[in-house]
Amino acid sequence: MEKIIEIQHLKKSFGNHEVLRDVNFSVSKGEVVCLIGSSGSGKSTLLRCINLLESPSGGEIIYKGQNILNENHDVKQYRTHLGMVFQQFNLFNNHNVLKNCVVGQQKVLKRSKEEAERNALKYLEIVGMDKYINAKPSQLSGGQKQRVAIARALAMDPDVMLFDEPTSALDPEMVGEVLKVMRMLADQGNTMIIVTHEMEFAKEVSDRIVFMDKGVIVEEGSPDQVLVNPKHERTKEFLKRTL
Ligand code: ADP
Ligand code: MG
């Protein structure tokens, strides 16, 4: 399988707080990887380092064979290949739904308005939000906002989608509609890295589960290996608390 992103010996500190310690991780084309672990274990920091919202303190991030932390690498270009979905949606509240899904394509990918709108509509339809193109985010429920955020990320035609607890800020009755969209994307062969506390979902969609604790990957493997037959004491402890 072609590795899209490979992370080697990644380190990240905030001041003298070492948050990621020698993380080695990769994702291959079409793979769905769920990242689990207690709050504070470094999951968000890992995602944020992958898309360079945080700059790593050490290690390498290799994208399609190139170390993107090399000084001469075009970081802006690299970031266009990653789509990110945040817990708090991060929609542009002053723009309507359609414009939310269009501005990035125009500004970053230099697409024409027509092309960007066509592409936005395609993905808004996929997430079931094409009826709401003129709505402002404030008029939408949390589940609807998150589906728009997913469409916005997809509209950039990324190679990898990163999700950071996309359902954690939602009322319980809206979790299902967002997971349903993500399940569909997983089935369609999208490459996805998902931080989640939804264990049932993780078990169903993941090709691989990665368990992090205190800034290191403790254990990874198939859902069965990690969630049903964990090897490590720390994984067992975490699952006991979570399930
Ligand atoms: P998780 O997503 O697994 O809950 P995080 O990656 O958000 O964990 O955080 C890991 C640790 O890094 C926590 O102790 C958190 O307080 C710390 N941390 C995260 N971001 C920052 C930051 N910008 N400045 C200082 N400390 C941070
Ligand atoms: Mg987090």
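Of the contacts in the protein chain with a separation of 6 or more, 65% join residues 24 or more positions apart; a contact means heavy atoms within 4.5 Å. The model is a predicted one, in which local features need pLDDT of at least 70 and side-chain atom pairs count only at pLDDT 80 or more, while totals for chains, interfaces and linings use all residues. Residues are numbered from 1 along each chain as its sequence is written, and side-chain values use heavy atoms, with hydrogens and water left out.

The protein chain holds 10 helices and 10 strands, which are DSSP runs numbered from the N terminus (helices: H or I, at least four residues; strands: E, at least two). Its radius of gyration is 18 Å, close to the 18 Å given by the globule rule for 243 residues, so the chain is as compact as a globular protein of that length. This radius is taken over C-alpha atoms, and the rule is 2.2 Å times the number of residues to the power 0.38. Further values for the whole chain are tabulated below.

| Property of the protein chain | Value |
|---|---|
| Box filled by C-alpha atoms, along the principal axes | roughly 50 × 45 × 35 Å |
| Buried residues | 52% of the 243 residues |
| Accessible surface | about 11,800 Å² |
| Carbon and sulfur share of the accessible surface | 45% |

Buried denotes under 20% relative accessible area (1.4 Å probe, protein chains only), and accessible areas come from the Shrake-Rupley method with a 1.4 Å probe.

A nonpolar core is a set of buried Ala, Val, Leu, Ile, Met, Phe, Trp, Tyr and Cys residues joined through side-chain atoms within 4.5 Å. The largest has 50 residues, and Ile150, Phe163, Met182 and Met192 have the most contacts inside it. Helix H7 (residues 172-187) gives the most to this core, namely 8 residues. A second, separate core of 28 residues includes Leu10, Leu46, Leu162 and Val195. Leaving aside residues up to four places away in sequence, Phe163 touches residues including Leu47, Val85, Ile150, Met182 and Val195.

An open sheet of 4 strands runs in the order S2-S1-S4-S5 with antiparallel pairing; two strands pair if DSSP finds at least two bridges between them. Strand S2 (17-28) and strand S5 (66-67) lie at the edges with a single partner strand each, so one side of each has no neighbour in the sheet. Strand S1 (residues 3-14) pairs with S2 in the antiparallel sense over 8 bridges. Ser13 stands opposite Glu18 in S2.

Note on methods
Chains are lettered from A and ligands numbered from 1 in the order in which they are written.
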